Every structure is written in C-alpha cells, then in structure tokens.
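Start with the sequence and the 3D view, then read on by topic.

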Amino acid sequence: MDYLEGLNPQQQQAVMAGTGPVLVLAGPGSGKTRVLTHRVAYLIAQLGVQPYHILAVTFTNKAAREMEARVDGLIGGRSRGLTLGTFHAVCGRILRREAEYLPFDGNYVIFDADDQLRIVKQVLREFNLDEKRYRPQSIHASISRAKNELIFVDDFPVQSYRDEVVKRVYTRYQQILLASNAVDFDDMLLWTVFLLEDQPALRERYARRYEHLLVDEFQDTNLAQYTLLRHLASFHRNIFVVGDADQSIYRWRGADYRNVRRFEQDFPDAQVILLEQNYRSTQNILDAAMAVIDRNPYRVPKKLFTQRGAGAKIVVRELYDDHEMASFVVNRIANDVAAGSAQPGDFAIMYRTNAQSRLLEEAFLAVGLPYKLVGAQRFYGRREIRDVVAYLRLVQNPRDEVSLTRVINVPRRGIGNKSLLALQTYAQRMGLTPGEVLLQLEEGAESPAETAIPSRARVSLAAFGKLLRGWCAQRDEFSPLELMDRILADIRYREYLEDGSEEGQERWENIMELRRLAGEYRSRRLVDFLEDIALISDQDTLDEAANVPTLLTLHAAKGLEFPVVFIVGLNEGTLPHSRSFEDEEAMQEERRLLYVGITRARDCLYLLYSLNKNLYGYPEPAEPSRYLGDIPPELVEGTSRRRSVFARRRQLWVEDDAPAAVEQQFHPGMRVQHPSWGEGMVLTSKLDEGDEVLDIFFEDVGLKRVVASLARLTVIS
DNA sequence: ATAAAGTGACTTTTT
DNA sequence: GTCACTTTAT
C-alpha cells in the first residue's frame with residue numbers, strides 16, 4: 001500500500017486508526033499534514049469510504065488545495081466529492097444551500113473586518129456615543145468574542161455599563177447585518193451552529209452524511225467551531241483531530257487550546273497518538289525551541305527529537321537599530337546566495353507586527369533584491385480593489401448598504417453627503433434599504449420620493465439607480481469578468497484612476513490583477529468569486545513558484561517551513577508584545593508564537609534584536625527579549641569569542657563583531673554599470689559583514705545603496 | 001459638492 | 001510615519 005510508505009510506526013498507527021474518535025498530538029515538523037492526507041487516501045482507497053462522506057477541515061484554503069492535490073496524487077483522482085476547506089468556507093457553502101431556514105437569503109455577502117468596523121462606527125454615531133470613550137475596535141472585539149463563544153445578542157451578559165453599551169451596539173449591529181443581507185466572519189460559524197441546533201432534521205442529515213471528519217490545527221478552534229464539529233460528528237463519531245497545544249496562537253480570535261482537553265473529556269474513548277519525531281529541524285533548533293516553550297506552565301511536556309544531528313549553531317545578533325537589522329538580513333542573504341550556499345527562496349524573515357515589514361522591504365528594494373510578502377490585506381485592502389469589489393457586491397446584493405455608501409460617489413457623480421442622507425432617511429421611512437430605493441427610482445417618474453428628496457439629488461441618484469439596475473439585470477447571464485468589465489467601462493474607472501501620476505498607473509494595474517483573478521471564474525458565478533475573495537487568507541497569496549525570500553508575520557508562518565529563518569525584532573515590547581504584558585495567558589501565547597517561529601527553520605536560525613526599536617517612526621531605546629535569555633548559550637554561535645551583556649539582570653550572549661576580511665574592489669569616483677539602473681558613479685564604499693556596501697549615484701535613478709556581491713556591477717573606468 | 005490641508009490616534013496577530 | 005477622519009476654502 002503506497003499510503004503507508006515512508007511513514008513511521010506512530011504515523012502509520014494514526015493513518016490506520018480504526019473508527020471512533022482519534023486525537024493526534026503532533027509536534028512541529030512531525031508530518032501531521034502527511035498523516036492527514038494519507039488518512040484520507042486510506043479511508044477512500046482501503047476502507048472504500050465515498051469521498052462524499054468525508055469532511056476535512058484545514059486552516060487555510062492553500063492547505064486545502066494542497067491536501068486535495070496530494071490525496072489525488074496518492075489515489076489517482078478518486079477524491080472527487082470530498083468536502084474540503086476552512087471552517088469558514090465549509091460553513092459558507094452550508095449557509096447558502098440552507099438559506100431557506102435562515103434570516104437571510106442565498107445571495108448574502110460576507111462583511112470583512114473593515115466593513116464590520118464601519119458598521120460599529122455608524123451605530124456609535126447613531127446612538128450618540130463618544131468614539132473616544134468607546135473605541136470602535138474594542139466594542140467590535142467584544143461583539144466578536146461573544147459570537148465566538150456562541151453568545152447571541154439576547155444572552156449577552158451585562159455586568160457593567162460598558163457591557164450595556166456593547167449589548168446595545170451588538171443588537172443594532174446585528175439588525176444592520178440582517179437588513180444588509182450580510183454575515184460577518186463570526187456569523188458564518190454562529191449561524192451554522194444555529195442552523196444545526198434549530199433544525200434537528202438537518203443536523204441529522206449532515207451528521208449522517210459525514211461518516212468521517214478530519215480536522216487540522218485543532219488547537220486553534222474556537223467554541224463555535226468545536227460545537228459545530230460535535231454536531232457534525234454526533235451520528236458516526238468518527239472524528240480525527242490533529243493539533244499541538246504549544247502552537248496555539250489565535251487566542252485573541254477566540255481559539256482555545258483547551259479544546260484539546262475538552263475533546264478528551266467529550267470523547268473519553270478517543271485513541272491518543274503522539275507524533276514526536278521531527279523531520280524538519282536540526283537538534284540545535286529543536287533544543288532552542290524546547291528551551292523557550294518549556295517555561296510555559298501547565299503544559300504537557302513533549303520530547304521532540306530528530307535524527308538530523310546537531311546542525312549549525314543558532315545566530316543571535318544585536319543590531320544598533322531596525323535599519324541595521326534590515327541591512328544585516330539582506331546582506332546575509334546576499335552573501336549566502338553569492339557564495340552559492342543557499343538559494344534566495346530558502347530564506348524567510350519573520351516578525352511580530354506587520355509594521356515591521358516596511359524597513360525590511362526598503363532594504364530589499366535598496367539593493368534591488370526581489371522578495372515576496374505574505375499578506376492578503378496588502379492587495380485586498382487597497383482602496384481601488386475595495387471599490388471595485390464593493391460594486392460587485394452591490395450587484396450581487398443591492399441591500400448591502402456598506403458597499404453602497406462606499407461607491408455611491410466614487411467616481412464623483414454629484415452625490416454628496418446631503419444627497420446620501422436624504423436617500424437614507426427616505427429609505428428608512430419606507431422600510432426599505434437605500435439600495436432598494438435606488439433600484440426603484442425612475443428618472444422623472446412621479447413617486448413619493450419627490451417630496452422627500454430634493455430634485456437635484458434625485459436626478460443624480462436616479463442616474464446611478466439606472467446603472468445599478470442594468471448591472472443587476474445581467475448578473476446571472478454575465479460571467480464575473482464580463483460584469484466587472486461592464487462596470488469598469490460604465491463608471492469610466494480607468495479615467496478616474498489614471499490621473500497621470502505613477503500611483504494612478506499602479507492602481508489601474510492592481511485592477512487588472514483583480515480582473516485576471518475574475519477571469520478564473522469563467523464558468524462560476526459571481527457569488528463564488530466574491531465569497532472566495534472574502535475568505536482569502538494571507539497564506540493563500542503565497543506564491544511558491546518564485547524563488548525569492550519570504551517576508552511574513554509569525555502568525556502567517558504557521559504550518560510553513562524554510563531552510564533559513566530570521567526572526568527579527570526580538571525586543572521587549574515587540575516580542576513579547578507590550579499589549580500582552582498585563583495578561584498572563586497572552587504572555588504564554590507570545591512564547592508559543594516564538595516557538596512556532598523557531599520551529600519553522602530547517603537548518604539555520606537567526607534571532608535578531610536591536611538596541612533602538614522604531615516606535616511610530618521614531619527610534620526608542622529597547623531591551624532584548626526575555627526569551628533570548630532562555631536559550632542555552634551552548635546552542636548559540638560564537639562561543640569562543642563571546643562577551644556577555646547584562647540587560648535587566650539577565651545575562652545575554654552576543655557574538656562579537658568579526659567582519660570577514662575582504663578587499664575593497666570599488667573606490668569613490670569609479671564609474672560603474674548596473675544591469676537595471678544603468679551608469680553611475682561610486683560615492684562611498686565600505687566593508688560590512690564580509691561584503692562591500694556601495695553608495696552609487698546613477699544618472700537615471702539617483703542615489704542607491706547596493707551590495708557589491710549582489711549588484712552585478714561592471715567597472716567602466 | 002469637492003479638493004486641499006490639518007488633526008489625532010495609532011499598530012499586535014486574521015478567518 | 002501612516003492612516004482615517006475633520007475642518008476649511010473654493
């Protein structure tokens with residue numbers, strides 16, 4: 001049987017575990033993805049289970065796609081019919097199919113974080129509540145937390161005045177979502193649980209259908225997800241979950257690693273299988289990871305081991321500031337690549353907060369080295385993308401008021417705040433949504449609107465209503481791409497964006513990228529396109545084909561691995577983050593976050609901290625992270641030439657600066673040629689990290705700082 | 001109604 | 001240093 005080939009005894013045991021509940025506790029790099037895929041293949045090929053009767057839940061869409069491809073590879077295309085996806089994607093499908101039992105219809109749209117915040121702000125204004133006293137972010141976080149714990153509005157507990165406020169906002173927030181025929185991320189789970197609890201017949205249908213449930217990253221499920229699993233497993237009880245409590249890093253999103261313990265209580269007959277052998281990292285890296293995580297209390301100790309040997313020592317580096325940290329990373333990568341010891345794609349740079357990526361990106365750009373940045377927000381958060389998506393969402397669901405307000409005057413069409421307000425007031429009086437009113441507005445036709453909306457505004461509104469009507473009429477016969485093209489043409493979006501500036505040009509190119517994506521939905525409906533866009537995850541945007549270094553947050557690094565990992569910004573306040581200081585549970589999660597980061601590394605690990613970290617763009621003295629002190633010195637490089645630094649009564653080990661001796665090849669005044677920047681003159685040259693760093697003034701592009709080993713410079717004179 | 005200029009608040013982490 | 005949001009001038 002090829003689906004057992006190359007698996008160790010524990011992995012085989014997991015793959016072939018019989019029926020009933022199974023809990024696989026899998027350390028990092030222990031091959032849990034392999035176990036899951038092989039198990040699915042085993043169920044289908046060996047036990048003859050129909051793919052239709054299997055549900056597998058992954059943490060990202062990317063993981064789902066990979067699993068599908070791998071299962072197909074194992075059993076040759078027999079995986080068709082498998083239900084596979086993230087919790088949200090799976091719930092999304094169920095909700096659309098079963099919309100008749102729900103207070104919204106199958107054309108519902110999904111409100112993302114930005115939409116959610118807009119609604120909270122709108123409600124706060126509506127209630128005349130001070131946004132300073134009641135931070136929209138924080139109010140929304142409370143609502144979200146409640147939803148993740150399956151607390152519906154009516155059951156929201158009130159123990160303080162603030163709770164009272166949250167409850168009022170939550171109530172109105174939910175009204176607005178329903179009026180908009182929309183759900184937010186949390187609702188997708190919540191409504192699915194509601195559906196299964198409210199409709200016993202339906203619950204039984206789904207529970208009977210799914211003979212086997214498989215769940216990846218189980219430690220990051222929240223109560224809503226766990227409850228959903230329990231309902232779905234209620235008939236067959238074949239639930240196979242894989243997780244590692246030490247890698248639980250989404251507590252703030254409602255994830256509760258205690259679900260692992262809860263699972264053992266709810267399914268006392270569960271088989272428990274431990275996967276401790278690591279196939280990814282060297283022993284030094286594993287030892288460092290264990291040293292960090294061992295300091296967390298109340299955990300089940302795990303002994304990770306590898307047969308890969310000790311490997312290279314870990315490099316701990318102190319840099320002057322974040323700029324130096326970024327250049328250090330870029331220089332190291334450039335050197336290793338130039339020396340032929342690694343490929344650009346082998347490297348990953350991980351950080352705690354997104355803001356930290358900026359300086360790194362600048363450092364890469366400065367030397368002309370390409371990189372990729374993981375983060376969907378970067379693309380889908382752009383104004384132009386959000387605008388066009390809002391148009392599409394409006395066509396999909398004209399009741400979506402958030403999208404309507406977003407685009408009603410973009411590009412400018414003479415509908416200002418006054419007109420919008422008149423429309424909203426009138427709609428409210430009629431018991432309709434503004435979108436519905438808009439669709440009914442006929443130019444010149446007599447209607448009650450005549451008195452309520454001033455005539456000037458009525459003309460502009462009716463014109464827009466006509467456009468919207470046209471698009472809606474074609475929604476079902478046009479493909480998403482055709483519809484998008486029609487809208488772009490009708491609103492002259494290109495002319496609006498391309499104002500002659502470079503930025504405008506870039507914005508239009510982003511639209512073309514979105515257009516390319518829409519083109520992939522040739523035979524599918526607009527709903528599918530919009531749903532996929534809403535549920536896209538950061539990791540989904542990762543382009544594995546490009547052989548370039550990867551920049552990503554520690555959260556986004558979950559489940560990935562790289563030969564060489566840099567973890568930057570290991571400073572108090574950054575990692576651990578200052579927002580976690582007062583919360584013991586949060587502090588434990590910070591530790592797990594670093595644990596996840598360290599265990600992503602296969603061969604080399606760099607841990608970097610700076611003496612001055614950036615705060616809002618200004619430098620501020622910083623202390624090294626407490627976690628550095630937890631790593632045994634014998635695992636760290638530079639033992640012989642080591643000096644100790646005392647920082648806050650903790651001893652830290654830092655490598656001495658010992659630049660490799662390299663002779664300067666370039667001197668000020670030299671004329672050089674760069675492959676993409678053309679001719680220029682060397683202004684300064686200095687040796688750094690065994691390489692030569694040059695400042696060159698190029699005729700075409702101005703001053704640039706380059707690394708000699710990388711820039712492929714040729715001397716002209 | 002709109003464009004420009006000023007303000008302040010703020011950064012964890014994301015489906 | 002960056003964003004969203006508000007004020008001010010046209």
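Strands β6 (residues 212-215) and β7 (residues 239-243) run parallel and are joined by 3 bridges. One of the residues involved is Val-215, whose bridge partner in β7 is Val-241. The model is a predicted one. The points below cover the sheet, the DNA surface and some backbone details.

**The sheet**

- β6 and β7 belong to an open sheet of 6 strands, in the order β3-β2-β6-β7-β1-β8, with parallel pairing.
- Strands β3 (83-85) and β8 (271-275) form the edges, and each pairs on one side only.
- From one strand to the next, the twist averages 10°.
- Helix α4 (residues 87-97) packs on this sheet and touches β2 (54-57), β3 and β6.
- The direction of α4 makes about 130° with that of β3.
- In general, strands of a sheet pair through backbone hydrogen bonds, either parallel or antiparallel.

- Of the atoms of DNA strand B within 4 Å of the protein, sugar and phosphate account for 56%.
- By class, this surface has 12 polar, 8 charged and 6 nonpolar residues.
- Helix α18 (residues 417-430) gives the most to the surface, with 3 residues.

**Polar contacts with DNA strand B**

- Trp-252 has a side-chain N or O atom 2.9 Å from a base oxygen.
- His-88 also meets a base oxygen, with a polar side-chain atom 3.3 Å away.

**Cis peptide bonds**

- The bond from Val-410 to Pro-411 is cis, with omega near -10°. Pro-411 sits in the loop between α17 (401-407) and α18.
- The bond from Leu-575 to Pro-576 is cis too, with omega near 5°. Pro-576 lies in the loop between β13 (562-567) and α26 (584-598).

- Asn-181 is not a glycine, yet has a positive phi of about 55°. Its place is the loop between α7 (161-179) and β5 (182-184).
- Is Asn-181 buried or exposed? Asn-181 counts as buried, because its relative accessibility is 1% and the cut-off for buried is under 20%.
- Arg-492, also not a glycine, has a positive phi near 50°. Arg-492 is in the loop between α22 (480-490) and α23 (493-497).

Definitions and conventions
Residues are numbered from 1 along each chain as its sequence is written. Chains are lettered from A and ligands numbered from 1 in the order in which they are written. This is a predicted model: local features need pLDDT of at least 70, side-chain atom pairs count only at pLDDT 80 or more; totals for chains, interfaces and linings use all residues. Side-chain values use heavy atoms; hydrogens and water are left out. A residue is near a molecule or strand if one of its heavy atoms lies within 4 Å of it. A polar contact is a pair of N or O atoms within 3.5 Å; within protein, one must be able to donate a hydrogen and the other to accept it, and residues adjacent in sequence count only if both atoms are side-chain atoms. Helices (H or I, at least four residues) and strands (E, at least two) are DSSP runs, numbered from the N terminus. Ala, Val, Leu, Ile, Met, Phe, Trp, Tyr, Cys and Pro count as nonpolar, Asp, Glu, Lys and Arg as charged, and the others, Gly among them, as polar. Two strands pair if DSSP finds at least two bridges between them. Axes are lines fitted to C-alpha atoms, for helices over the stretch in contact, and angles run from 0 to 180 degrees between N-to-C directions. Contact means heavy atoms within 4.5 Å. Buried means under 20% relative accessible area, exposed over 50%, partly exposed in between (1.4 Å probe, protein chains only).
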